[in-house]
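Biologist: I am new to this structure and would like a close look at a single part of it. Could you take me through one stretch and its surroundings, step by step?

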Amino acid sequence: MIDFSTNGIILIGGIFLLAGVLMTKVSSRAGVPSLVLFMIIGMSLGSDISGLIYFSNAEIAQLVGIVALIFILFEGGLQASWKHIRPVLGGSLVLATVGVVITTSIVAITAYYILDINWIEAFLLGSIVGSTDAAAVFSVLAGQNIKSKISSTLEAESGTNDPMAMFLTIAFIHLIEAPDSSVGQMVGDFVLEMGIGAIIGIGMGFVAVWAINHSSLDASGLYAVLSAGFAIFIYSFAATLHGSGLLAVYLAALVMGTRELTQSYSIVSFHEGVAWLMQILMFVMLGLLVFPSELADWDLIWRGLVLSFVLLLVARPIAVFVSTIFFDYSIKEKIFLSWAGLRGAVPIVLATFPLLAGVDNSFLFFNIVFFIVITSALFQGSTIAFMAKKLGLNGPPQPKRIHSLELVSMDRANAEMLEIQLTEKSPFAGQLVQTIGLPKQTVISAIIRSGKLVMPTGKTKLKVGDVLYVLTEKKQVSKVKMVLGEEDMAN
């Protein structure tokens, strides 16, 4: 066993981080989702294989998992493009609610007949694996050239369906502990929980934007810390008022990502790094929580395989086709949405709830869920790009999100450098710089074209794919974006 002195713990942390970052390179080359490799690291260091670390505290795993989900959802909301999510919001929300219920029900029916459990326990297991996972979806879709309509649907669904799965999980645990509970009251509680979470999330999103933009902090790095503080506060504030903290966090970040933020580049970069750190920590810890010797049971394996393939080939497709029946999705798009419903950390975190509640068969549920997550990641996660290509759903290269590259802190100057990439829809692609008509005190400082620097003059012709670095006053940022046809990024 490893020495758990202060230095020993720090050493373990350093090994985890180094191995986790290296695994991201391995996963991209091997085509295997990084979450699988992170969990393998945890399992390898656990007591069943190497015997280096013994970890079985479900309460700590649940706490770490929830904190990690806060930052992963927050980063996902910050990076999301509202102009892409807005057209698919209806379908995404139906998938996040009705789709979860349908998936839960089909998995529950299967579990009832192949496992020696009662109906309420079967629906508890179904609810645990009923939602797609934000961490898995965000990480697998990152860098994939998939049509924005589909990728935005998946991101919005995974960012908003966790509360539904968490509510169902807690509700069925409550029904096991108190069989006489009113189902009608639970439904009312769910509606209230979602409503409170949505109101707090949207409202606090605007509060966070105002606070960040009106805080005269001494160091630019403090703005990122302030935003992280808001993420944690918004979750806990909503949860304290019996609302959905996870929904509140995602909606708040979505609001913040669509508004002008001081030090936005620093904030987004900070949370991108934190989200990766949380993924590494969460999946390694969840890997430690699993004992491979318990999974090496043929009776568990065949049941886990049946549930996995029912979820993949029956429950998820039915949920997608029923939920999107009134929305404009083609058959190929529905097939891809069905295939891309990845399961990841959320089901494993939810599986710790019955463990802590002392529910019968909770260890069986945890092992089944872990088995489902592994098979989902291996079969689905590693074939996302292949399926998109086969179904003809690859889209044009997506331009980078506009970032404000702060030259100096807000207290010392009133200038920002905007990074804007010209697309085929850009009104000035193919025109001369002198014809743009930029506001006063604004200049295109540099152009990056095909990886090379171009120093612009009035006679320079702009081309699709050019990355413009535009220096302007802070008060003119919105006007500059409007002139360049990018104002919808902030609305």
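Modeller: Helix 9, which covers residues 162–177, has 16 residues and reaches 23 Å from its first C-alpha to its last, close to the 22 Å expected at 1.5 Å a residue. Please keep in mind that this is a predicted model. Helix 9 is mostly covered, with 12 of its 16 residues buried, and the buried residues include Asp162, Pro163, Met164, Ala165 and Met166, as well as Phe167, Leu168, Thr169, Ala171, Phe172, Ile173 and Leu175.

Turning to helix 8, which runs over residues 148–160, we find Ser158 within it. Ser158 counts as buried because its relative accessibility is 0%, where buried means under 20%. The side chain of Ser158 reaches the backbone oxygen of Glu155 at 3.1 Å.

Helix 8 also has a partner to consider. Two packed helices are described by the angle between their axes and the distance between the axes. For helix 8 and helix 16 (residues 331–339), the axes come within 11 Å and cross at roughly 35°, and helix 8 passes helix 16 in a right-handed crossing. On the side of helix 8 the contact is made by Lys149, Ile150, Thr153 and Leu154, while helix 16 contributes Glu333, Phe336 and Leu337.

Key
Residues are numbered from 1 along each chain as its sequence is written. This is a predicted model: local features need pLDDT of at least 70, side-chain atom pairs count only at pLDDT 80 or more; totals for chains, interfaces and linings use all residues. Side-chain values use heavy atoms; hydrogens and water are left out. Helices (H or I, at least four residues) and strands (E, at least two) are DSSP runs, numbered from the N terminus. Buried means under 20% relative accessible area, exposed over 50%, partly exposed in between (1.4 Å probe, protein chains only). A polar contact is a pair of N or O atoms within 3.5 Å; within protein, one must be able to donate a hydrogen and the other to accept it, and residues adjacent in sequence count only if both atoms are side-chain atoms. Axes are lines fitted to C-alpha atoms, for helices over the stretch in contact, and angles run from 0 to 180 degrees between N-to-C directions. A crossing is left-handed if the near helix is turned anticlockwise from the far one by less than a right angle, and right-handed if clockwise. Contact means heavy atoms within 4.5 Å. The expected span of a helix is 1.5 Å times one less than its number of residues.
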